[in-house]
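Colleague: I have the coordinates open on my screen. Could we go through some local features together?

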Amino acid sequence: MTLAEVADVVGGVAHGDATVTGGAFLDTRTPEAGGLFVAIAGERVDGHDFVAAAGQAGAVAVLGSRPTELPTVVVDDVTAALGRLARHVVDRLPDVTVLAMTGSQGKTGTKDYLAHVLSEAGPTVATRGNFNNELGVPLTVLRATPETRYLVVEMGARGVGHIAELCAIAPPHVAAVLNVGTAHIGEFGSREAIALAKGEIVEALPADGTAVLNADDDLVAAMAPRTRAAVSTFGSARPAGAADVSVSEITTDEIGRQSFEMSHRGSGATVHLAQIGAFQWRNAAAAAAMALAAGLDLDAVADALGDVTPASRWRMEVTERPDGVVVINDAYNANPESMRAALETLGGIGARSGRRTIAVLGEMRELGDGSAEAHHGVGAYAARVGVDVLVSVAAGGIADGFASVEGTSGSGGVTIPTAGRAEAVDWLRQNVSAADVVLVKASRGAALELIADDLLTGAGTEGSTAR
């Protein structure tokens, strides 16, 4: 698009001439050649100060709130203008199917499964990382081209109305609600309020679209009347026929990789997943239901699911050091449900392999008044699933919960409360041995990936390989 065309679409004023041939970007470290640099004037950082660097990185024009040294479209509200531009572009794509998903946890894992499966059928563009807000969604859309067949969009919400706004930017034809948990409950106040917000994604569907709902989550299953689209469900096979895409006969190998039978409309297929995690079968089933709604064949979906390796960093990344220590880096984010799933995986690995299990857990944020109880519950759950050692990083409630249960089942669990990352790293350096499996997990703000990095790059760990 020419700068004049961009200005006309977003209701701005063009200063200079240019033709944008690449995507849009916010960060000069992840540029788009021939792209549009989006300059946001924030409270602490003003994107307009980085225009020169953006030009050197490949930007040919700027969308901002004031003129710059590059050709610029000037608007009053840059974020709103970016959304309008994305909607204009997606409406012009001739053959694209937009698939969107939301949920309290599992969005990124499901998105990665779905993107891989769809890429086997045609050119696919998907959300990078967790770019799932009012900036990330349009940036995802603006990476699409006329050749794009599938556009996979992850959508998050901080309040009622947010997902409806995102759907106005990227109207989905297939939309999934994965679950309603307690992530961000401090902002919403209740699971029912979270469900109200998440359900906006199926309300946005057209009559010829498909809503994909989790049959095992009561608040999600209850969303069916909120959409005019067809409804397809996914979940466990209990009771028989309860879900349109059902999973049964789940088995788990020594390091936590799952295999299972998947059924759909009388047909069945066997799936062998390469990623670890007690929750992976559910992410895979959700992705399968969405892919089937987009017209793919069950056997092709099952085969593609088995080829998926982690596409997003710090989400159940499994790495084995040369000395044998296995590190599971799941430090990207955390809430009570995802904590329990990761701990169940860790406990299962210990039970099957005989290795000592160490959980390095930090704070879960945005839990509101129930934060202390939630942290205590996670600690207690770690003890119940057989975790041998709990290293609590500045999250005392977790240690208290573990201590309330440890040893009651003969597990002989040990609690190591630490005041922060440095103290936790010091303990791990002195106590981790070759037969250990170490899980690292907390909310994003705790930055526990630094602990995982230290475990993998410390003395004697060069040459470690991911698997």
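Colleague: Where is threonine 127 found?

Modeller: Threonine 127 is in the loop between strand S7 (124-126) and helix H5 (136-141). Helices (H or I, at least four residues) and strands (E, at least two) are DSSP runs, numbered from the N terminus. Please note that this is a predicted model: local features need pLDDT of at least 70, side-chain atom pairs count only at pLDDT 80 or more, and totals for chains, interfaces and linings use all residues. Residues are numbered from 1 along each chain as its sequence is written, and side-chain values use heavy atoms, with hydrogens and water left out.

Colleague: Is threonine 127 buried or exposed?

Modeller: Threonine 127 counts as buried because its relative accessibility is 3%. Buried means under 20% relative accessible area, exposed over 50%, and partly exposed in between (1.4 Å probe, protein chains only).

Colleague: Which residues is threonine 127 in contact with?

Modeller: Leaving aside neighbours within four places in sequence, threonine 127 is in contact with Lys111, Thr140, Val152, Val153 and Glu154. Contact means heavy atoms within 4.5 Å.

Colleague: And isoleucine 169, what does it touch?

Modeller: Not counting residues up to four places away in sequence, isoleucine 169 touches Gly83, Ala86, Arg87, Val90, Val137 and Pro138. Isoleucine 169 is found in helix H6 (residues 162-169), and it is buried, with a relative accessible area of 11%.

Colleague: On to helix packing. At what angle do H4 and H12 pack?

Modeller: Helix H4 (residues 107-119) and helix H12 (residues 298-305) pack at an angle of about 120°, with their axes 9 Å apart. Axes are lines fitted to C-alpha atoms, for helices over the stretch in contact, and angles run from 0 to 180 degrees between N-to-C directions.

Colleague: Why is H4 called oblique to H12?

Modeller: That angle makes H4 oblique to H12, because angles under 35 degrees count as roughly parallel, over 145 as roughly antiparallel, 65 to 115 as roughly perpendicular and the rest as oblique. H4 passes H12 in a right-handed crossing. A crossing is left-handed if the near helix is turned anticlockwise from the far one by less than a right angle, and right-handed if clockwise.

Colleague: Which residues make the contact?

Modeller: Tyr113, His116 and Val117 of H4 meet Val301, Ala304 and Leu305 of H12. By class, the contact of H4 with H12 has five nonpolar, one polar and no charged residues. Ala, Val, Leu, Ile, Met, Phe, Trp, Tyr, Cys and Pro count as nonpolar, Asp, Glu, Lys and Arg as charged, and the others, Gly among them, as polar.

Colleague: What about H14 and H15?

Modeller: Helix H14 (residues 371-384) and helix H15 (residues 396-405) pack at an angle of about 40°, with their axes 6 Å apart. That makes H14 oblique to H15, and the crossing of H14 and H15 is right-handed. Residues in the contact include His375, Gly379 and Ala383 of H14 and Gly397, Gly401 and Phe402 of H15. By class, the contact of H14 with H15 has seven nonpolar, six polar and two charged residues.

Colleague: Changing topic: how do S12 and S13 pair?

Modeller: Strand S12 (residues 245-252) and S13 pair in the antiparallel sense over six bridges. Two strands pair if DSSP finds at least two bridges between them. In S13, glutamine 258 is the bridge partner of threonine 252. S12 and S13 form a hairpin with four residues between them, and glycine 256 in the turn has a positive phi of about 100°.

Colleague: And what do S13 and S14 form?

Modeller: S13 and S14 form a hairpin with two residues between them. These strands pair in the antiparallel sense over seven bridges, and histidine 272 in S14 is the bridge partner of serine 259.

Colleague: What is the phi of arginine 265?

Modeller: Arginine 265 has a positive phi of about 50° although it is not a glycine. Most residues other than glycine have a negative phi. Arginine 265 lies in the loop between strand S13 (257-264) and strand S14 (267-276), and it is exposed, with a relative accessible area of 77%.

Colleague: Is methionine 316 buried or exposed?

Modeller: Methionine 316 counts as buried, at 4% relative accessibility. Its phi is near 50°, a positive value in a residue other than glycine.
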